[in-house]
Amino acid sequence: MESNIKGKVVVITGASSGMGEAAAKHLSALGATVVLGARRADRIKMLAQEIQDNGGQALAFAVDVTQRDQVKGLVDAAVAQFGRVDVILNNAGIMPLSPIDRLNVEEWDTMIDVNIKGVLNGIAAVLPYMKDQKSGQIINTSSVAGHKVFTGSAVYSATKYAVRALTEGLRMEVKPYNIRTTIVCPGAVKTELLEHITEADIQQANKEYVGAVGISPDSFARVVAFAISQPEDVDINEVIFRPTSQEL
Ligand code: NDP
């Protein structure tokens with residue numbers, strides 16, 4: 001079977017570390033052209049260089065996904081350079097877990113801005129192009145926490161439930177344009193995600209848990225590749241994956 005990845009132009013947000021970085025490397029190795037966005041420009045520029053050194057095609061742009069014009073600029077740059085955008089992987093996200101009664105209200109705002117509005121900004125940036133092309137795929141990173149709530153995850157889970165809700169609504173609405181939509185819900189994956197938890201006790205508990213059961217970000221990259229690689233008339237709408245040892 002042809003992989004249906006080779007030659008595609010794939011925009012990835014949150015590509016500077018963890019699962020976005022792994023997806024960028026894997027998709028590029030499978031023949032995709034990748035256009036990388038994240039705030040840490042040094043990291044994504046190094047990654048783009050590494051991909052190019054390995055014979056792939058990659059561009060990198062400093063992007064804050066909470067800024068709609070910056071996300072639009074990322075997608076516009078992909079189209080200007082490569083003539084189209086086939087896939088966007090709205091993957092940028094943060095997870096500063098804490099119980100609600102600690103009232104980390106600024107973290108709530110930031111989670112909503114990055115995890116929900118950031119995804120919406122990605123959708124808004126690609127839709128006009130994908131409608132014109134009558135093809136495309138929008139892949140949004142949710143979480144097992146988008147299916148389950150646990151102590152300390154209320155706001156984070158709310159953002160990841162929201163990602164699933166808006167992706168399902170999008171799925172139904174973009175039928176006339178031949179656009180595919182995919183929700184990816186990872187379980188515990190070893191990345192930098194826990195570094196931004198500001199509550200020491202919560203961070204320690206999560207580090208112990210993910211340290212014990214967490215799997216490699218390559219797992220996510222393979223799931224994303226699976227969804228993209230299907231023939232155009234097959235739409236993988238949602239994938240949940242966990243470490244085999246994860247009970248939650
Ligand atoms: P990392 O912290 O390693 O990666 C997060 C990425 O998001 C980084 O590239 C970061 O780049 C980017 N990012 C954060 N804020 C912004 C912003 N405002 N604008 C642009 N980019 C931003 O964690 P993961 O790889 O684990 O996280 C990727 C996604 O997976 C997230 O959506 C997360 O919620 C989700 N997830 C993770 C799980 C896990 O166990 N690791 C489980 C389930 C879901 P930079 O800081 O350079 O901007």
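This note goes through the ligand site and the salt bridges of a predicted model.

1. On placement, the ligand sits in the largest pocket.

2. Arg39 places a polar side-chain atom 2.7 Å from an oxygen atom of the ligand, whereas for Asn91 a backbone N or O atom lies 2.9 Å from an oxygen atom of the ligand. Gly93 likewise has a backbone N or O atom that lies 3.4 Å from a ligand oxygen atom. Taken alone, the ligand exposes 870 Å², and the protein buries 96% of that area.

3. As for salt bridges, the count comes to 15, if the pairing is taken as a side-chain nitrogen of Lys or Arg within 4 Å of a carboxyl oxygen of Asp or Glu. One of them joins the side chains of Glu192 and Arg43, with a distance of 2.6 Å from N to O. This pair links distant parts of the chain, 149 residues apart: Glu192 belongs to the loop between strand 6 (179-186) and helix 6 (200-213), while Arg43 belongs to helix 2 (residues 41-53).

Notes:
Residues are numbered from 1 along each chain as its sequence is written. This is a predicted model: local features need pLDDT of at least 70, side-chain atom pairs count only at pLDDT 80 or more; totals for chains, interfaces and linings use all residues. Side-chain values use heavy atoms; hydrogens and water are left out. A polar contact is a pair of N or O atoms within 3.5 Å; within protein, one must be able to donate a hydrogen and the other to accept it, and residues adjacent in sequence count only if both atoms are side-chain atoms. Accessible areas come from the Shrake-Rupley method with a 1.4 Å probe; for residues, only the protein chains shown count as cover. On a 1 Å grid over the protein atoms alone, a cavity is a set of points where a 1.4 Å probe fits but cannot get out, and a pocket is an open set with protein on both sides within 12 Å along at least five of seven lines; lining residues have an atom within 4 Å of a point. A molecule sits in a cavity or pocket if more than half of its atoms lie within 2 Å of its grid points. Helices (H or I, at least four residues) and strands (E, at least two) are DSSP runs, numbered from the N terminus.
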